[in-house]
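Hello,

Here is the structure I promised to pass on. My notes on what I found follow below it.

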Amino acid sequence: MSQQDKEPRGRVLIIDDEKVILDLTAIILKNRGYQVFTALSAQEGLDCIEKQSPELVLLDYMMPNMDGLTALKEIKRSYPDTYVIMFTGKGSEEIAVELMKAGASDYILKPFNNQDLVDRIESVLKLRGIELQNRALLSERERLLAEIADWNRELERRVQEKSEALRRAQVEVVQSEKLASLGYLSAGMAHEIRNPLNSIALFVQLIKSGLDEHERLDYVEKILKEVDRIDNILGKLLDASKRPKFEISEVRVDRVLEHTLDAFTPQLRQKKIRAVTDFKNIPPAIKADPMEIEQIFTNLFLNSIHVMPEEGTLTVELEGDEQWLTVRVSDTGPGIPPENLPNIFDPFFTTNSRGTGLGLSVVLRIVKTYKGKIEVEKSDNSGTTFLVRLPLAAPR
(Lines give C-alpha, C1' and ligand atoms only; values in the text may rest on other atoms or scores of the structure.)
Protein backbone atom coordinates (compact mmCIF):
# COMPACT_ATOMS: atom_id res chain seq x y z
CA MET A 1 0.00 0.00 0.00
CA SER A 2 1.39 3.41 -1.00
CA GLN A 3 1.92 6.30 1.42
CA GLN A 4 -1.01 8.14 -0.19
CA ASP A 5 -3.38 5.18 0.38
CA LYS A 6 -2.69 4.96 4.11
CA GLU A 7 -5.09 6.45 6.63
CA PRO A 8 -3.75 9.96 7.49
CA ARG A 9 -2.22 10.37 10.95
CA GLY A 10 -4.26 13.52 11.48
CA ARG A 11 -5.53 16.68 9.83
CA VAL A 12 -3.25 19.69 10.30
CA LEU A 13 -3.85 23.26 9.18
CA ILE A 14 -0.80 25.57 8.71
CA ILE A 15 -1.49 29.32 8.90
CA ASP A 16 1.49 31.52 8.00
CA ASP A 17 1.84 34.60 5.82
CA GLU A 18 5.34 33.49 4.68
CA LYS A 19 4.70 31.14 1.75
CA VAL A 20 8.18 29.57 1.91
CA ILE A 21 7.68 28.42 5.51
CA LEU A 22 4.12 27.41 4.69
CA ASP A 23 5.16 25.16 1.80
CA LEU A 24 8.18 23.73 3.61
CA THR A 25 6.16 22.81 6.69
CA ALA A 26 3.45 21.28 4.51
CA ILE A 27 5.98 19.04 2.73
CA ILE A 28 7.45 17.85 6.04
CA LEU A 29 4.08 16.92 7.46
CA LYS A 30 2.76 15.29 4.29
CA ASN A 31 5.87 13.10 4.18
CA ARG A 32 5.06 12.03 7.76
CA GLY A 33 1.56 10.95 6.77
CA TYR A 34 -0.51 13.95 7.85
CA GLN A 35 -3.36 15.45 5.82
CA VAL A 36 -2.31 19.07 5.42
CA PHE A 37 -4.26 22.26 4.73
CA THR A 38 -2.64 25.70 4.30
CA ALA A 39 -3.75 29.31 4.69
CA LEU A 40 -1.82 32.57 4.16
CA SER A 41 -3.95 34.63 6.57
CA ALA A 42 -5.80 34.21 9.82
CA GLN A 43 -9.21 34.77 8.24
CA GLU A 44 -8.50 32.22 5.52
CA GLY A 45 -7.43 29.84 8.23
CA LEU A 46 -10.67 30.34 10.21
CA ASP A 47 -12.67 29.62 7.06
CA CYS A 48 -10.68 26.42 6.53
CA ILE A 49 -11.28 25.30 10.12
CA GLU A 50 -15.01 25.80 9.60
CA LYS A 51 -14.95 23.54 6.53
CA GLN A 52 -12.29 20.92 7.33
CA SER A 53 -12.34 20.66 11.19
CA PRO A 54 -8.59 19.92 11.58
CA GLU A 55 -7.38 18.38 14.83
CA LEU A 56 -4.38 20.72 14.97
CA VAL A 57 -3.43 24.23 13.74
CA LEU A 58 0.13 25.51 13.34
CA LEU A 59 -0.39 29.25 13.72
CA ASP A 60 2.14 32.05 13.12
CA TYR A 61 2.25 34.68 15.85
CA MET A 62 3.18 37.66 13.63
CA MET A 63 0.69 38.18 10.76
CA PRO A 64 -0.90 41.24 9.14
CA ASN A 65 -4.55 42.23 9.64
CA MET A 66 -5.49 39.63 12.29
CA ASP A 67 -2.45 38.65 14.36
CA GLY A 68 -1.80 35.17 15.69
CA LEU A 69 -2.90 35.89 19.27
CA THR A 70 -6.29 37.21 18.15
CA ALA A 71 -6.71 34.25 15.79
CA LEU A 72 -5.77 31.85 18.63
CA LYS A 73 -8.44 33.28 20.93
CA GLU A 74 -11.06 33.04 18.14
CA ILE A 75 -10.14 29.41 17.39
CA LYS A 76 -10.39 28.39 21.08
CA ARG A 77 -13.68 30.23 21.42
CA SER A 78 -15.35 28.86 18.27
CA TYR A 79 -13.59 25.51 17.83
CA PRO A 80 -12.53 24.19 21.26
CA ASP A 81 -11.73 20.70 19.90
CA THR A 82 -9.07 22.15 17.57
CA TYR A 83 -5.69 22.40 19.30
CA VAL A 84 -3.09 25.07 18.39
CA ILE A 85 0.71 25.19 18.29
CA MET A 86 2.10 28.70 17.83
CA PHE A 87 5.03 29.67 15.58
CA THR A 88 6.95 32.65 16.91
CA GLY A 89 10.25 34.34 16.14
CA LYS A 90 10.19 36.08 19.54
CA GLY A 91 11.39 33.87 22.30
CA SER A 92 10.43 35.99 25.29
CA GLU A 93 8.96 34.41 28.38
CA GLU A 94 6.16 36.99 28.45
CA ILE A 95 4.93 35.98 24.99
CA ALA A 96 5.07 32.29 25.91
CA VAL A 97 2.98 32.87 29.04
CA GLU A 98 0.51 35.02 27.09
CA LEU A 99 0.09 32.34 24.40
CA MET A 100 -0.42 29.49 26.89
CA LYS A 101 -2.98 31.52 28.84
CA ALA A 102 -4.86 32.20 25.60
CA GLY A 103 -5.17 28.45 24.97
CA ALA A 104 -2.12 27.40 22.94
CA SER A 105 -1.09 23.79 23.55
CA ASP A 106 2.57 24.52 22.72
CA TYR A 107 4.79 27.01 20.90
CA ILE A 108 7.79 26.59 18.57
CA LEU A 109 10.52 29.14 17.90
CA LYS A 110 11.48 29.94 14.35
CA PRO A 111 13.61 28.66 12.74
CA PHE A 112 12.63 25.17 13.94
CA ASN A 113 14.14 21.72 13.69
CA ASN A 114 12.07 19.37 11.52
CA GLN A 115 12.17 16.45 13.93
CA ASP A 116 11.38 18.72 16.87
CA LEU A 117 8.37 20.03 14.96
CA VAL A 118 7.10 16.52 14.29
CA ASP A 119 7.70 15.44 17.91
CA ARG A 120 5.79 18.48 19.21
CA ILE A 121 2.87 17.78 16.85
CA GLU A 122 2.67 14.11 17.92
CA SER A 123 2.76 15.07 21.61
CA VAL A 124 -0.04 17.62 21.22
CA LEU A 125 -2.21 15.23 19.21
CA LYS A 126 -1.73 12.55 21.88
CA LEU A 127 -2.65 15.08 24.55
CA ARG A 128 -5.69 16.10 22.53
CA GLY A 129 -6.81 12.47 22.22
CA ILE A 130 -6.48 11.94 25.97
CA GLU A 131 -8.24 15.17 26.90
CA LEU A 132 -11.10 14.57 24.45
CA GLN A 133 -11.50 11.06 25.83
CA ASN A 134 -11.52 12.40 29.38
CA ARG A 135 -14.03 15.02 28.38
CA ALA A 136 -16.25 12.32 26.82
CA LEU A 137 -15.92 10.20 29.97
CA LEU A 138 -16.82 13.16 32.17
CA SER A 139 -19.80 13.88 29.96
CA GLU A 140 -20.87 10.24 30.17
CA ARG A 141 -20.37 10.35 33.95
CA GLU A 142 -22.60 13.41 34.22
CA ARG A 143 -25.18 11.72 32.02
CA LEU A 144 -25.10 8.57 34.13
CA LEU A 145 -25.29 10.58 37.37
CA ALA A 146 -28.29 12.46 36.02
CA GLU A 147 -29.87 9.17 34.98
CA ILE A 148 -29.20 7.67 38.43
CA ALA A 149 -30.70 10.78 40.03
CA ASP A 150 -33.78 10.32 37.85
CA TRP A 151 -33.95 6.65 38.85
CA ASN A 152 -33.61 7.58 42.53
CA ARG A 153 -36.40 10.13 42.24
CA GLU A 154 -38.57 7.58 40.47
CA LEU A 155 -37.71 4.95 43.09
CA GLU A 156 -38.52 7.36 45.92
CA ARG A 157 -41.80 8.21 44.22
CA ARG A 158 -42.69 4.53 43.86
CA VAL A 159 -41.63 3.74 47.44
CA GLN A 160 -43.74 6.64 48.71
CA GLU A 161 -46.63 5.50 46.56
CA LYS A 162 -46.36 1.89 47.77
CA SER A 163 -45.87 3.01 51.37
CA GLU A 164 -49.02 5.07 51.18
CA ALA A 165 -50.86 2.13 49.63
CA LEU A 166 -49.53 -0.13 52.40
CA ARG A 167 -50.59 2.38 55.05
CA ARG A 168 -54.09 2.51 53.61
CA ALA A 169 -54.19 -1.28 53.45
CA GLN A 170 -53.05 -1.53 57.09
CA VAL A 171 -55.76 0.90 58.13
CA GLU A 172 -58.32 -1.20 56.29
CA VAL A 173 -56.99 -4.40 57.89
CA VAL A 174 -57.11 -2.86 61.37
CA GLN A 175 -60.64 -1.64 60.74
CA SER A 176 -61.65 -5.08 59.48
CA GLU A 177 -60.06 -6.74 62.50
CA LYS A 178 -61.86 -4.35 64.83
CA LEU A 179 -65.17 -5.10 63.14
CA ALA A 180 -64.45 -8.84 63.24
CA SER A 181 -63.48 -8.65 66.93
CA LEU A 182 -66.59 -6.62 67.70
CA GLY A 183 -68.74 -9.17 65.90
CA TYR A 184 -67.01 -12.05 67.71
CA LEU A 185 -67.39 -10.40 71.12
CA SER A 186 -70.99 -9.48 70.40
CA ALA A 187 -71.82 -13.07 69.43
CA GLY A 188 -70.06 -14.41 72.51
CA MET A 189 -71.80 -11.96 74.84
CA ALA A 190 -75.16 -12.70 73.28
CA HIS A 191 -74.60 -16.43 73.79
CA GLU A 192 -73.42 -16.10 77.39
CA ILE A 193 -76.03 -13.58 78.51
CA ARG A 194 -79.00 -15.14 76.70
CA ASN A 195 -79.07 -18.17 79.02
CA PRO A 196 -79.43 -16.25 82.30
CA LEU A 197 -81.89 -13.84 80.64
CA ASN A 198 -84.01 -16.79 79.51
CA SER A 199 -83.93 -18.15 83.05
CA ILE A 200 -84.97 -14.75 84.47
CA ALA A 201 -87.83 -14.49 81.97
CA LEU A 202 -89.02 -18.00 82.92
CA PHE A 203 -88.89 -17.24 86.66
CA VAL A 204 -90.81 -13.97 86.17
CA GLN A 205 -93.55 -15.81 84.27
CA LEU A 206 -93.79 -18.38 87.05
CA ILE A 207 -94.07 -15.63 89.67
CA LYS A 208 -96.80 -13.88 87.65
CA SER A 209 -98.77 -17.14 87.37
CA GLY A 210 -99.43 -17.05 91.08
CA LEU A 211 -97.31 -18.82 93.66
CA ASP A 212 -97.27 -19.07 97.39
CA GLU A 213 -94.90 -16.86 99.32
CA HIS A 214 -92.21 -19.50 99.82
CA GLU A 215 -92.02 -20.42 96.10
CA ARG A 216 -92.09 -16.75 95.09
CA LEU A 217 -89.14 -15.93 97.35
CA ASP A 218 -87.27 -18.95 96.01
CA TYR A 219 -87.68 -17.77 92.40
CA VAL A 220 -86.72 -14.19 93.35
CA GLU A 221 -83.52 -15.59 94.85
CA LYS A 222 -82.84 -17.48 91.61
CA ILE A 223 -83.43 -14.32 89.56
CA LEU A 224 -80.91 -12.44 91.70
CA LYS A 225 -78.37 -15.23 91.15
CA GLU A 226 -78.83 -14.99 87.36
CA VAL A 227 -78.40 -11.19 87.57
CA ASP A 228 -75.15 -11.75 89.50
CA ARG A 229 -74.11 -14.21 86.81
CA ILE A 230 -74.63 -11.59 84.11
CA ASP A 231 -72.72 -9.03 86.17
CA ASN A 232 -69.87 -11.51 86.60
CA ILE A 233 -69.72 -12.11 82.81
CA LEU A 234 -69.56 -8.38 82.11
CA GLY A 235 -66.89 -7.90 84.79
CA LYS A 236 -64.70 -10.61 83.30
CA LEU A 237 -65.20 -9.17 79.84
CA LEU A 238 -63.97 -5.79 81.08
CA ASP A 239 -60.99 -7.46 82.78
CA ALA A 240 -60.10 -9.20 79.50
CA SER A 241 -60.38 -6.06 77.36
CA LYS A 242 -58.74 -3.37 79.50
CA ARG A 243 -56.68 -2.98 82.63
CA PRO A 244 -58.65 -2.05 85.74
CA LYS A 245 -57.24 0.09 88.54
CA PHE A 246 -53.91 -1.25 89.74
CA GLU A 247 -51.25 -0.57 92.35
CA ILE A 248 -47.60 -1.40 91.70
CA SER A 249 -45.56 -2.86 94.53
CA GLU A 250 -42.81 -5.40 95.19
CA VAL A 251 -44.33 -8.84 94.47
CA ARG A 252 -42.73 -12.15 95.45
CA VAL A 253 -44.20 -14.57 92.93
CA ASP A 254 -43.29 -17.64 95.04
CA ARG A 255 -45.45 -16.28 97.86
CA VAL A 256 -48.31 -15.45 95.47
CA LEU A 257 -48.23 -19.05 94.20
CA GLU A 258 -48.32 -20.48 97.73
CA HIS A 259 -51.13 -18.13 98.79
CA THR A 260 -53.19 -18.91 95.69
CA LEU A 261 -52.74 -22.66 96.11
CA ASP A 262 -53.88 -22.39 99.74
CA ALA A 263 -57.07 -20.69 98.57
CA PHE A 264 -57.90 -23.77 96.46
CA THR A 265 -57.41 -26.22 99.33
CA PRO A 266 -61.17 -27.07 99.63
CA GLN A 267 -61.48 -27.87 95.89
CA LEU A 268 -58.26 -29.89 95.92
CA ARG A 269 -59.46 -31.95 98.90
CA GLN A 270 -62.88 -32.48 97.37
CA LYS A 271 -61.38 -34.02 94.19
CA LYS A 272 -58.48 -35.64 96.09
CA ILE A 273 -55.99 -33.75 93.91
CA ARG A 274 -52.39 -33.65 95.09
CA ALA A 275 -50.62 -30.28 94.79
CA VAL A 276 -46.86 -30.41 94.18
CA THR A 277 -44.59 -27.34 94.23
CA ASP A 278 -41.03 -27.23 92.93
CA PHE A 279 -39.38 -23.86 93.52
CA LYS A 280 -35.71 -23.53 92.57
CA ASN A 281 -33.57 -20.47 91.95
CA ILE A 282 -36.38 -18.41 93.46
CA PRO A 283 -36.35 -15.07 91.64
CA PRO A 284 -36.35 -11.72 93.42
CA ALA A 285 -39.49 -9.63 93.76
CA ILE A 286 -40.86 -7.95 90.64
CA LYS A 287 -42.67 -4.65 90.39
CA ALA A 288 -46.32 -5.50 89.64
CA ASP A 289 -49.86 -5.34 90.91
CA PRO A 290 -50.22 -8.33 93.30
CA MET A 291 -53.90 -8.83 92.45
CA GLU A 292 -53.08 -9.11 88.73
CA ILE A 293 -50.31 -11.66 89.35
CA GLU A 294 -52.66 -13.64 91.59
CA GLN A 295 -55.36 -13.50 88.91
CA ILE A 296 -53.01 -15.17 86.38
CA PHE A 297 -52.52 -18.23 88.55
CA THR A 298 -56.05 -18.31 89.93
CA ASN A 299 -57.38 -18.82 86.41
CA LEU A 300 -54.71 -21.39 85.50
CA PHE A 301 -55.26 -23.39 88.73
CA LEU A 302 -59.05 -23.22 88.27
CA ASN A 303 -58.81 -24.60 84.72
CA SER A 304 -56.46 -27.40 85.81
CA ILE A 305 -58.65 -28.47 88.74
CA HIS A 306 -61.75 -28.43 86.53
CA VAL A 307 -60.33 -30.74 83.82
CA MET A 308 -58.68 -33.26 86.15
CA PRO A 309 -60.44 -36.37 87.41
CA GLU A 310 -60.21 -37.32 91.05
CA GLU A 311 -56.78 -38.18 92.46
CA GLY A 312 -54.98 -36.12 89.86
CA THR A 313 -51.83 -34.07 90.39
CA LEU A 314 -51.40 -30.29 90.07
CA THR A 315 -47.72 -29.36 89.72
CA VAL A 316 -46.43 -25.81 90.07
CA GLU A 317 -42.79 -25.11 89.16
CA LEU A 318 -40.95 -21.83 89.62
CA GLU A 319 -37.44 -20.87 88.59
CA GLY A 320 -35.58 -17.68 87.72
CA ASP A 321 -32.52 -16.50 85.85
CA GLU A 322 -30.96 -13.07 85.36
CA GLN A 323 -33.76 -11.77 83.14
CA TRP A 324 -36.89 -13.88 83.52
CA LEU A 325 -38.96 -15.76 86.05
CA THR A 326 -40.65 -18.88 84.71
CA VAL A 327 -43.72 -20.64 86.09
CA ARG A 328 -45.08 -23.96 84.83
CA VAL A 329 -48.56 -25.10 85.81
CA SER A 330 -49.13 -28.76 84.94
CA ASP A 331 -52.14 -31.01 85.38
CA THR A 332 -52.88 -34.69 84.73
CA GLY A 333 -56.08 -34.05 82.80
CA PRO A 334 -56.99 -35.36 79.33
CA GLY A 335 -55.14 -32.57 77.50
CA ILE A 336 -56.44 -29.93 75.12
CA PRO A 337 -57.64 -31.21 71.74
CA PRO A 338 -55.20 -30.03 69.02
CA GLU A 339 -58.01 -28.34 67.10
CA ASN A 340 -58.81 -26.18 70.16
CA LEU A 341 -55.25 -25.00 70.90
CA PRO A 342 -55.33 -21.99 68.50
CA ASN A 343 -58.49 -20.68 70.19
CA ILE A 344 -57.93 -21.14 73.91
CA PHE A 345 -57.03 -17.47 74.50
CA ASP A 346 -60.00 -16.16 72.48
CA PRO A 347 -62.74 -14.41 74.49
CA PHE A 348 -65.75 -16.67 75.22
CA PHE A 349 -64.03 -19.80 73.93
CA THR A 350 -64.74 -22.60 76.39
CA THR A 351 -65.52 -26.32 76.50
CA ASN A 352 -66.90 -25.93 80.03
CA SER A 353 -70.68 -25.58 80.01
CA ARG A 354 -70.47 -23.60 83.25
CA GLY A 355 -67.55 -21.36 82.23
CA THR A 356 -67.58 -17.98 80.51
CA GLY A 357 -64.54 -18.54 78.31
CA LEU A 358 -62.92 -15.33 79.59
CA GLY A 359 -60.40 -16.71 82.10
CA LEU A 360 -57.49 -17.29 79.71
CA SER A 361 -58.27 -14.03 77.89
CA VAL A 362 -57.76 -12.22 81.19
CA VAL A 363 -54.52 -14.16 81.78
CA LEU A 364 -53.22 -13.24 78.31
CA ARG A 365 -54.06 -9.56 78.80
CA ILE A 366 -52.23 -9.41 82.16
CA VAL A 367 -49.15 -11.31 80.91
CA LYS A 368 -48.86 -9.00 77.89
CA THR A 369 -49.24 -5.97 80.16
CA TYR A 370 -45.98 -7.02 81.84
CA LYS A 371 -44.28 -7.77 78.50
CA GLY A 372 -44.34 -11.45 79.35
CA LYS A 373 -45.20 -14.62 77.44
CA ILE A 374 -47.67 -17.44 77.95
CA GLU A 375 -48.00 -20.61 75.93
CA VAL A 376 -49.06 -24.23 76.12
CA GLU A 377 -45.73 -26.02 76.50
CA LYS A 378 -47.23 -29.50 76.41
CA SER A 379 -50.68 -31.01 75.96
CA ASP A 380 -51.46 -34.68 75.42
CA ASN A 381 -53.41 -37.45 77.07
CA SER A 382 -51.08 -37.30 80.08
CA GLY A 383 -51.99 -33.69 80.82
CA THR A 384 -51.32 -30.05 79.97
CA THR A 385 -48.52 -27.67 80.97
CA PHE A 386 -48.91 -23.90 80.72
CA LEU A 387 -45.66 -21.91 80.62
CA VAL A 388 -45.67 -18.32 81.94
CA ARG A 389 -42.57 -16.10 81.62
CA LEU A 390 -42.39 -12.64 83.17
CA PRO A 391 -39.43 -10.25 82.91
CA LEU A 392 -37.78 -9.40 86.21
CA ALA A 393 -37.80 -5.75 85.21
CA ALA A 394 -41.55 -5.52 84.73
CA PRO A 395 -42.89 -2.17 83.42
CA ARG A 396 -44.87 0.12 85.65
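**Around Leu-206**

Leaving aside residues up to four places away in sequence, Leu-206 touches Leu-211 and Tyr-219. Please keep in mind that this is a predicted model. Leu-206 and Tyr-219 are 13 residues apart along the chain, and their C-alpha atoms are separated by 8.2 Å. Leu-206 belongs to helix α5.

**A surface patch**

Helix α5 spans residues 114-208 and also holds Leu-144. Leu-144 is part of a nonpolar patch on the surface, together with Leu-145, Ile-148 and Trp-151. The four share about 390 Å² of accessible area. Leu-144 has 37% relative accessibility, which means that it is partly exposed. One reminder on helices: an α-helix has 3.6 residues a turn, so residues three or four places apart point the same way.

**The parallel sheet**

In the parallel one, 5 strands form an open sheet, and their order is β2-β1-β3-β4-β5. Its edge strands are β2 (35-39) and β5 (106-109), and each pairs on one side only. From one strand to the next, the twist averages 20 degrees.

Inside this sheet, β3 (residues 56-60) runs parallel to β4 (residues 83-88), and 5 bridges join them. Leu-58 has Ile-85 as its bridge partner in β4. Helix α2 (residues 42-52) lies across β1 (11-15), β2 and β3. Its direction is about 165 degrees to that of β1.

**The mixed sheet**

The other open sheet also has 5 strands, in the order β7-β9-β10-β12-β11, with mixed pairing. Which strands stand at the edges? They are β7 (274-279) and β11; each has a single partner strand, so one side of each has no neighbour in the sheet. Ignoring direction, neighbouring strands are turned by 15 degrees against each other on average.

Two helices pack on this sheet. Helix α7 (residues 253-263) touches β7, β9 (313-320) and β10, and its direction makes about 170 degrees with that of β9. Helix α9 (residues 290-307) touches β9, β10, β11 and β12, and its direction makes about 25 degrees with that of β10.

**Strand β12 and its partners**

How many residues of strand β12 (residues 383-391) are buried? The count is 8 of 9, so by the cut-off of under 20% relative accessible area the strand is mostly covered. β12 pairs with β10 (residues 324-330) in the antiparallel sense, over 7 bridges. In that pair, Thr-326 has Arg-389 of β12 as its bridge partner.

β12 also pairs with β11 (residues 373-380), again antiparallel and over 7 bridges. Here the bridge partner of Ser-379 is Thr-384 in β12. A hairpin through 2 residues joins β11 to β12.

**Helix α10**

Helix α10 (residues 359-369) is largely enclosed by the rest of the structure, because 8 of its 11 residues are buried. Among them are Leu-360, Val-362, Val-363, Ile-366 and Val-367. After α10 comes Lys-371, with a positive phi near 60 degrees.

Best wishes

Methods
Residues numbered from 1 in each chain as written. Predicted model: local features only at pLDDT ≥ 70, side-chain atom pairs only at ≥ 80, totals over all residues. Heavy atoms only, no water. Patch = residues over 30% accessible without salt bridge, like charges linked within 9 Å, V, L, I, M, F, W, Y side chains within 5 Å. Areas by Shrake-Rupley, 256 points an atom, 1.4 Å probe, with all protein chains shown as cover. Salt bridge = Lys/Arg side-chain N within 4 Å of Asp/Glu carboxyl O. Helix = DSSP H or I, 4+ residues; strand = E, 2+ residues; numbered from the N terminus. Buried < 20%, exposed > 50% of the residue type's maximum accessible area, 1.4 Å probe, protein only. Pairing = 2+ DSSP bridges. Axes fitted to C-alpha atoms, helices over the stretch in contact; angles between N-to-C directions. Contact = heavy atoms within 4.5 Å.
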